[in-house]
Every structure is written in C-alpha cells, then in structure tokens.
Amino acid sequence: MGRPAGAALAAAFLVLGAGAVIAQSDPIATRMGLMKQNEENAIAVVRMMRGQAPFDAAKVDAAFAQWTDTAQKLPSLFPDNSKSGQKTRAAPKIWTSKVDFDEKAAAFGKVVADNRDKAKGSLDGLRAAVPAIGNACDACHKDYRLAKQ
Amino acid sequence: MLRRLLVLAIAALVIGVTAFWYLTTPEAISPSAVLVPPTHTPNLENGRTMFLIGGCSSCHATPKQDDATRLGGGLALPTAFGTFHVPNISSDAKDGLGGWNETQFITAMRHGVSPSGQHLYPAFPYTSYRMMRTEDLRDLFAYLKTLPAISGAAPDHALKFPFSIRRTVGLWKLLFLGDMQFKPDPAQSAQWNRGAYLVNAPGHCAECHSPRNLLGAIIASRRFTGGQSPTGQGGVPDITQGKLHDWKAEDFAEVLDSGMTPDSDRVGGAMVDVVANTRQLSSADREAMAVYLKSLGGAK
C-alpha cells in the first residue's frame with residue numbers, strides 16, 4: 001500500500017470514527033439522517049418500478065445495503081436523552097414500548113434481507129419485493145412516528 | 001314566600017327536564033324517508049370504494065392483526081372526554097351490524113342514532129358521513145355485510161361526566177350538526193366536485209385536519225388548518241395552501257398513493273392507515289381529491 005492510499009485509509013477511519021462519535025452524542029441527528037437516506041433510496045427505487053428511471057441493480061443493492069444499516073442501528077438510536085429536540089417526530093410511545101419497537105426494527109431488517117436478491121435480480125423482482133418493505137416501514141411509522149408539523 | 005320559591009324552583013326544574021328530554025330525543029327515521037328509490041341493486045365495487053375512502057377499518061378493525069376487513073372493534077381512543085371503545089361493525093348478527101337493515105344503517109351514518117334509538121357519540125364522524133349520497137351508503141352497507149362476521153362486543157365507553165350521559169349528545173347535535181347534503185359547486189369542474197365529495201363526505205379528512213372547540217366541534221373557519229391526533233399522540237398538519245403552497249396537485253395525489261411527500265419524506269401516525277386505503281382507490285379518485293385539496297385556501 002502506497003502512502004497516498006494509506007493516508008486515504010487513515011482519513012476514512014477518522015471520518016468513520018467521527019461519525020460513530022456523532023452517533024453517540026447526537027442520536028436525533030443520526031436517526032434523522034438515516035431516515036432521510038432511507039426515503040431517498042425508496043424514491044429512487046420507486047422511480048425504477050414506475051419506469052421513470054432505468055432499472056439499475058447496483059443502485060437497488062446500495063438501497064438495500066443502506067436499509068440494512070438502518071435496521072441494525074435503529075434500536076440504539078433512541079436513548080432516554082433523545083425524546084425531544086430538533087423537531088424530532090419520534091413518538092413518546094417508543095420509550096414505553098421499546099420491546100415492540102425493537103421487534104419492528106428487526107422485522108424491517110428481516111424483510112430487507114429476505115428480499116434483497118429478488119429485488120436486484122430484475123425489475124419484476126423489484127416490483128414484487130418493494131411493497132413488503134414499504135409495509136415494514138409503515139408498521140413502525142404508524143405507531144412510533146408523529147405527523148410533521 | 002319560601003313556599004312560592006320552592007314551587008317556582010320545582011316548576012323550573014320540570015320545565016328544564018322536559019325541554020332537555022324533548023330537545024335531546026334521538027331522531028327516528030322512517031324507511032320511506034330514506035330508501036329512495038325503495039329498491040336498490042348494490043354495487044359492491046362502489047361499496048368497497050366507500051369502505052376504503054371512509055377509512056372504516058382505521059378505527060373498527062380488530063387491533064393487533066393485519067386484516068382490514070375484520071371489523072370486530074375494540075380499539076380504545078383516549079380523548080379529553082374520556083376513552084371511547086370502538087364498536088364491532090362486522091357482519092356478526094349479534095355483536096356487529098349483521099342484523100341491521102338499510103334504514104338503521106343510514107340513520108346511524110346520517111343522524112348518529114343507533115338501531116336501539118340511542119345517540120352515537122360524534123367520535124364516529126357522522127358529521128361528515130351524513131353528506132354521503134344515499135346510493136353510496138347503501139352500497140357501503142351491502143359491502144360491509146360481505147365481510148367476515150367477528151363475535152365479541154367492545155367494552156362500554158368510559159367517559160367523564162356529563163359526557164357519559166348520551167342525551168347530552170342531543171344538545172351537541174343541535175349546536176353543531178351541519179348540513180346533511182353535499183352541495184356540488186356548479187362553477188367548478190366535475191373532477192373538483194368529485195374530489196370535494198370524497199374529501200368532505202366519506203373521506204372525513206377535516207375531522208382530524210381541523211382544530212376543534214372546547215366541546216369538540218370543528219371550528220368551521222379553520223377547517224383543514226391542522227388539528228390533534230385522534231390517538232392522542234402529537235398533532236395533525238395543516239393541509240391548506242396556507243401551509244402547503246409549494247405542493248402541486250400531483251404531490252397530493254402522490255401522498256395518497258405512496259405516502260411520499262415532495263420533501264423526500266413519508267407520512268406517519270394515523271395517516272399511514274389512511275394511505276393504506278387511498279392507495280387502493282382509482283388513480284382518477286386520488287387525482288380528483290388532489291385537485292380539490294390544491295384549491296383549499298389557508299386560515300381566515
């Protein structure tokens with residue numbers, strides 16, 4: 001490994017490390033950022049399903065990778081000190097039903113994992129896979145996400 | 001002197017009670033007044049459309065299961081007036097509406113009166129449903145009867161005094177129950193009128209998206225400018241152009257189809273169930289609602 005590559009790797013670690021620190025210190029901003037990326041990926045995928053954008057297996061796979069990441073991180077992003085602030089739309093019920101909340105996050109992760117190969121395999125596969133993922137998003141948002149004001 | 005006062009007081013009480021009794025007597029509706037024409041061949045597809053836009057399942061579906069056609073009731077709705085327990089409206093003959101006739105169903109939907117002649121609380125939005133066309137109500141009733149029979153009755157409502165006295169609903173109706181018929185606006189397009197009908201009558205969007213007064217009635221001048229969540233968690237947004245001026249009509253249609261908003265976001269809370277229903281409507285109906293919603297002026 002040459003010096004430039006090593007420096008880049010070191011920088012990457014620094015950025016990752018800083019990201020981890022931010023996740024710990026600012027869970028609201030972290031989860032909002034994840035949700036934003038989730039929806040941007042969802043929109044990209046829905047555009048493909050509707051024929052408004054070409055089917056792109058790599059982009060589909062990247063969307064699924066990002067959703068997997070979200071599902072893994074979600075349960076740790078709602079510590080007791082993150083109930084309010086920054087216009088969070090997290091419902092108070094999250095903290096009184098944490099077991100159910102974590103189960104729904106796990107269910108979302110499972111649906112994403114179960115459908116990833118099918119979705120990136122073909123446009124028809126994508127069309128078949130995405131509704132189940134949308135349902136998993138909604139199952140949690142219904143109880144645990146407040147309306148935007 | 002004391003005796004005269006006593007007589008006066010008793011007289012006032014008798015007059016008061018009689019007036020209250022008279023004013024709060026639930027309306028009795030005769031079949032000939034409602035069933036015009038007398039016979040009707042139900043259109044079950046239209047009945048399903050009314051079921052979806054009416055959002056019946058959002059409140060009446062048996063909680064903690066995913067089938068929106070199982071209308072066993074039992075959901076608890078905590079409000080400022082106490083807790084409402086949503087009744088069973090499945091086709092069960094004993095606990096649901098399987099034993100009702102068309103007149104009884106239409107009387108409940110239009111006048112908020114149950115088959116046993118009791119006032120129904122306006123947590124059940126007959127304030128909006130009463131604007132539905134007779135044929136739509138009949139199709140909806142026929143459709144509901146095709147859904148599964150679920151046995152079991154919900155607990156009684158647990159309301160605070162004086163709201164616990166059903167007769168008080170009679171006074172509430174005198175004060176707040178609005179027009180019975182949807183009046184199309186001839187100056188607007190057929191599409192706009194279809195949207196206005198769907199949004200205001202079966203869709204009852206204003207019931208959540210409007211602020212209410214202390215007695216729980218919608219403040220008419222601020223219709224659609226945002227309200228409180230029916231489940232008691234958080235608020236419901238303003239959907240007029242006062243707030244959503246950046247949204248195009250297509251954006252409203254998109255929300256009703258996918259739940260996605262133009263700011264790369266997604267609906268939450270009770271709207272999730274609404275979208276689960278509206279995405280099953282025809283795109284023409286969603287577009288009609290969108291055209292109407294885009295025309296709503298902001299708070300006056």
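Author: Let's start with handedness: a crossing is left-handed if the near helix is turned anticlockwise from the far one by less than a right angle, and right-handed if clockwise. Keep in mind that this is a predicted model, where local features need pLDDT of at least 70 and side-chain atom pairs count only at pLDDT 80 or more, while totals for chains, interfaces and linings use all residues. Residues are numbered from 1 along each chain as its sequence is written, with chains lettered from A and ligands numbered from 1 in the order in which they are written.

Now find α11 (residues 249-258) and α13 (residues 283-294) in chain B; their axes (lines fitted to C-alpha atoms over the stretch in contact) come within 8 Å and cross at roughly 130°. Helices here are DSSP runs of H or I, at least four residues, numbered from the N terminus. Angles run from 0 to 180 degrees between N-to-C directions, and this one makes α11(B) and α13(B) oblique to each other (under 35 degrees is roughly parallel, over 145 roughly antiparallel, 65 to 115 roughly perpendicular, the rest oblique). Their crossing is right-handed.

Who does the touching? On the α11(B) side, it's B:Ala249, B:Glu250, B:Phe252, B:Ala253, B:Leu256 and B:Asp257. From α13(B) come B:Arg286, B:Glu287, B:Met289, B:Ala290, B:Val291, B:Leu293 and B:Lys294. (Contact means C-beta atoms, placed from the backbone, within 7 Å.) Sorted by class, this contact holds 8 nonpolar, no polar and 5 charged residues. Ala, Val, Leu, Ile, Met, Phe, Trp, Tyr, Cys and Pro count as nonpolar, Asp, Glu, Lys and Arg as charged, and the others, Gly among them, as polar.

Stay on α13(B) for a moment, where B:Ala284 sits. B:Ala284 has 10 other C-beta atoms within 10 Å, so B:Ala284 is exposed (12 or fewer is exposed, 20 or more buried, in between partly exposed). The C-alpha atom of B:Ala284 is 9.5 Å from that of B:Gly195, though the two are 89 residues apart along the chain.

Among the buried ones are B:Phe105, B:Ile106 and B:Met109, and their cover includes α2 (31-34), α6 (126-129) and α7 of chain B.

Key. Helices (H or I, at least four residues) and strands (E, at least two) are DSSP runs, numbered from the N terminus. Two residues are in contact if their C-beta atoms, placed from the backbone, lie within 7 Å.
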